[in-house]
Every structure is written in C-alpha cells, then in structure tokens.
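I opened a new model today and kept notes as I went. Here they are, in the order I looked things up.

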Amino acid sequence: MENKKEVLLTGDRPTGRLHIGHYVGSLRSRIKLQDDPRYDQYIFIADCQALTDNARNPEKIRQNLIEVALDYLAVGIDPNKNTIFVQSQIPELTELTFYYMNLVTLGRLQRNPTIKTEIKEKNFDGGIPTGFMTYPISQAADITAFNAKYVPCGEDQEPLLEQAREIVRAFNSIYGDVLVEPNGIFAAEGVCRRLPGIDGAEKMGKSLGNAIYLADESDVVKKKIMNMFTDPQHLRIEDPGHLEGNVPFIYLAAFAKPEHFAAFLPQYKNLDEMAAHYTRGGLGDGTVKKFLNEVLQSELGPIRERRKQYEQNIDYVYDMLQQGSIKARAVAAETLKRVRRAMGLEYFEDTSLRDEYKSKYAKK
Ligand code: ATP
Ligand code: MG
C-alpha cells in the first residue's frame, strides 16, 4: 500500500547531551507530532555532520550518540511511533550529497547566515574544513532522502532549509520532478525558536557551554538558574525592572503555564501579571529565579527519572538505533535509485543508451 502520510524529519548532532533549547525548539513538537496520524516522523542522530567540525575529536561524537538517544527516550520520543536512526549508517546520503554539490556554488555556501555565525563561534584555527562548509548540502541530502515535507526545528535552521529548497528546485528543473521541497515548522512562541543561553548569549548551544541540559541533576539546574543574567540596572527590589534580554523571564515565557502559577506563585495568574509587577518595580530577581526553578524542576524531573530507567537498559537503546537505521536505509536507497535514474546513471539497468549506441555504430 502506498504511504500517503506526509514525512517529517528532524535531527540532532551528537556533540553533547540535549538541552532545554532543543526541548522547546524542536523536541516538544516532535512529541506532539508523533501522535498525529497525518505524519510519518523520522528522527536521526547526525554523527557525520557533527564530524564536520569535530574531525579530530571522534570519541566525543561516539560517546554522545548514546547520550542523545537516551535524551530522546527520556522526553518521550517513542521508537514505535517514529523511525529513529543514525546518519552514518545510511551511506546513500553521501552519494546524494556528492550529486547535489554540483548544484551549489561556493559563493552561495559562504553567504549562508547560519554558516557565517557558526564559523565565528567555532574559531577554526588552521582553516575551515571543506566538510563543514558543505554541510548544508549534506543536510539537503538528509531531508530529501526521506522525502521530508516538514522539518520541525529551531530558527537557526531556516537558512539551511532555504539551501535545501534551492537544491531541490535546481535538481527537479534539470532532471525532472523527483525531490520534495521541505518547509520548517517553528514553535508558536517566538522565544522557543531560539532560546538564549544561561549567559544571555543569543542562542543556547551544546557546543557553546551555556546550556541547561535535560539530564542535569536538580541541584545543577538550580545553580545555573541562580547565576543567571537578569537586568543589571535592577539593583533594589523596588526599582523598575527590564524584561529585554532578561534570561529568567525568557525561560518563563517558554515554560511557565497557568498551573505553575497556581501551584508555586498564586499571587499572579499568569506571566503577563508577573512581568507587569517586575517592570513597575517591587518584584525581586530572587523571587523570579525561585519560581523559574520550581517550573523547570517540575518539567525536568520526570524526564530525568525516565532517562535513569533507560540508562539501565543500554541494549534496548542500541537495538532501537539499529532497527531504525535498517528501516531508514531502505527508504534512502529507494530515493537514491530514483535520483540515479533521473540523472541517467543507470547504465546497466536502463538499456536505452546501449541501444542508441548500437544503432549509431551499426554497420550500414
Ligand atoms: P551544536 O552547538 O553542536 O550545533 P546545538 O545545540 O545547536 O548543537 P543541534 O544538534 O545543532 O544543537 O540542533 C538540533 C535542533 O535543535 C535543531 O532543530 C535546532 O534548531 C534546535 N535548537 C538548537 N538550539 C536551540 C535553541 N537554543 N533554541 C531553539 N532551538 C534550538
Ligand atoms: Mg547547531
């Protein structure tokens, strides 16, 4: 039976454990979408992509593969509802990348805003690896191999999706309609699209050392919250406070629900009321942080507990990745076959060129 469901695809680089930025930017929508009968969801661990800026540290990537898989299970991503796989186990992706490379100029890669920002953050001494520069092309291969129409992700991925769409359009116009154009699905709340770091940096990133990890123990979470950047002008409680760049308020916007107020801070009904008090003066940063701590502990506690259970069953985690990779590989192989056919590379399966030459050189 033909699969009529639309395909969703998302991935994470195994460069560290997953953090609350991943949770609000991408994981939360995956958990919701896995129960939506309209979609078929693929989730992968992008170890090859992670190697593009960690080539000299392969052990880091190997170690974090299982950490990311544990985080998936801990947040409630269900292997029976999704295909969970490992990028390096799908060699078809490399071949697709090689063909797509011809459709993208170097100048286009250099102008990609995400790549530009990441190059600044990563301080490549000794030059930028070619593999890093071209990872947007390999990402287009990941997306198109599974015919993904939607990619639930953070806002930093939008320029990469645009690059993928350009490749799809170029490919389809040259070789025929083979590839599906992908679209991003971004969290409804703006703050969730790019959650800042605990240091106030524009983005929480696992390679940036400014994250609250899903697996952090409760005392670690609390410590990170208590050290958070707030409003440097808010010296006394009665001073008016500013919300702009105020990390605890940004996190509350991503996590606090009315039931948290009812349970932990009943003098306010919602975040708007609390924020109004803060801006008018009279609400201290300590109270805000204490509330944020209650909210995050109640969200992260069950995740941490579930993770601990899976940590006791590593065989289950490996089997899940292996089974998912076998299933995903079959789908990617199917796409690659269509790509090779469209490009006219099936020299031995397709006899039309052979026949053409036979008649061209046939003795008159
Ligand atoms: P690295 O620093 O190694 O690139 P990362 O923290 O950026 O790691 P990725 O594995 O690159 O994480 O991203 C996985 C997914 O999580 C992507 O969809 C990305 O947009 C999303 N994401 C990552 N960081 C954030 C964030 N701070 N806010 C919202 N979404 C995020
Ligand atoms: Mg990233």
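I started with Ile 212, which is buried at 0% relative accessibility. Buried here means under 20% relative accessible area, exposed means over 50%, and partly exposed is in between, with a 1.4 Å probe and protein chains only. This is a predicted model, where local features need pLDDT of at least 70 and side-chain atom pairs count only at pLDDT 80 or more, while totals for chains, interfaces and linings use all residues. Residues are numbered from 1 along each chain as its sequence is written, chains are lettered from A and ligands numbered from 1 in the order written, and side-chain values use heavy atoms, leaving out hydrogens and water.

Next I checked where Ile 212 sits: in the loop between α10 (190–193) and α11 (218–226). Helices are DSSP runs (H or I, at least four residues), numbered from the N terminus.

What does Ile 212 touch, not counting residues up to four places away in sequence? I found His 19, Ile 20, Tyr 251, Leu 296 and Leu 300 among its contacts, a contact being heavy atoms within 4.5 Å.

Then I looked up the largest nonpolar core, which has 58 residues. Such a core is a set of buried Ala, Val, Leu, Ile, Met, Phe, Trp, Tyr and Cys residues joined through side-chain atoms within 4.5 Å. Ile 20, Ile 212, Tyr 251 and Met 274 touch the most other members. Helix α3 (residues 58–75) gives the largest share of this core, 9 residues. The core lies between domain 1 (6–194 + 313–354) and domain 2 (218–310), because both give residues to it; the bounds come from an automatic or database domain assignment. Another core, of 39 residues, lies apart from it and includes Phe 132 and Phe 171.

Note on methods:
Helix = DSSP H or I, 4+ residues; strand = E, 2+ residues; numbered from the N terminus.
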